[in-house]
Amino acid sequence: MKIKNLLKPGQVTVSCEIFPPKQGTGLPHAREVVHAIAALQPAFVSVTYGAGGTNCANSIELAAEVEKCGVPALAHLTCVSAEKQEVLAVARRFAANGIENILALRGDLPKDDSFPRDGQYRHACELITDLKEMGNFCIGGACYPEGHVESANKAEDLQYLKEKADAGCDFFTSQMFFDNDLFYNFLYRALAVGIHVPILAGIMPLTSAKQMRRCVELSGTYLPRRFLSLVDRFGSDPATMKQAGIAYATEQIIDLIANGVEHIHIYTMNKPDVAAKILSNLSHVISSHAD
Ligand code: FAD
């Protein structure tokens, strides 16, 4: 099933994200995670791609497992650390495993000066163009409500986002954010430059103080005072912090849906229990928007 056909106006969708294990030995547990998350009946499950294509075989394996569970898979694919032909060969392997949806990404730049080399993609936009030419993929891209860290400013970032939409992106999934106003502002600015494809709101339930620190360190995402107060008050008590993080994510999603955002993507981080709790908190909110 192509994800673009699920993202209909007037229909709320909630999707989830998982990541593959670094080693093949982690696959049995990862498959259990897939089954537990698929049982929650998300609209689709996305499977991340290791930086530089490191655990590519595990990504393919897990995305295929998601499809076997009867849930559409969205396979992430980064292009920054491989030759173009190698990247396209991976896309063909996804297709051969029944995967119709690809989130086309550049990936983070290597820390050494090995980028860019001849024969490599420089930006996600170029990969999107080639995937589109291959014909049968539904293609997603990444977007950044607070601007991508490398961008000189948000306006420039948005122009490059528009290029991705024009190259054939069927939808965008946003980087996580913790302040909904930043996302609303981004949606207005995206519309203003002529981006009309669906934009999925990326929500990360932060359930521990350690996870919060790591996440902010890696992405530089703004954490509102209101969220920091939860960490100050509950951060040293894991069970309470987990409950507070789930409540915060739930509240964010309810506010988004109340304000007309229809597509929510939960960064479930291989924690089916957290995803289950959030979806259970939202059951009435979601069913009130079902056909
Ligand atoms: P691009 O769209 O290429 O943008 C990268 C930077 O280049 C931006 O600053 C942009 O403004 C600029 N730019 C774009 N086009 C041009 C141009 N034509 N000329 C000049 N500048 C340009 N990483 C992984 O390794 N694996 C994953 O599975 C993964 N999943 C992700 C999922 C989501 C939803 C998001 C938001 C990010 C994900 N990432 C993942 C991280 C992502 O790879 C990084 O954020 C990466 O640095 C940028 O990727 P991109 O596809 O957004 O790149």
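Hi everyone, let me start at the ligand: β3 (73-78), α4 (124-134) and α5 (154-167) each supply at least two residues of the shell around it. Before I go on, please keep in mind that this is a predicted model.

So which element gives the most to that shell? α5 does, with 4 residues. In total, 23 residues surround the ligand. If you want to zoom in on the closest ones, look for Thr48, His76, Arg106, Ala124 and Ala142.

Now let's step back to the whole protein. Its secondary structure comes to 11 helices and 8 strands. The radius of gyration is 18 Å, close to the 19 Å that the globule rule gives for 291 residues, so the protein is as compact as a globular protein of that length. Along the principal axes, the C-alpha atoms fill a box of roughly 50 × 45 × 45 Å.

How much of the protein is buried? Buried residues make up 43% of the 291. As for contacts, take those with a separation of 6 or more: 80% of them are between residues 24 or more positions apart.

One last item comes from a database record. An unreviewed UniProt entry lists residues 186-204 as "transmembrane region". In this model, that span is 37% helix and 26% strand, and its end C-alpha atoms lie 18 Å apart.

Technical notes. Residues numbered from 1 in each chain as written. Predicted model: local features only at pLDDT ≥ 70, side-chain atom pairs only at ≥ 80, totals over all residues. UniProt positions renumbered as here; feature names shortened; annotations may be inferred. Near = placed C-beta within 6 Å. Rg over C-alpha atoms; globule rule 2.2 N^0.38 Å. Buried ≥ 20, exposed ≤ 12 C-beta atoms within 10 Å, placed from the backbone. Contact = placed C-beta atoms within 7 Å.
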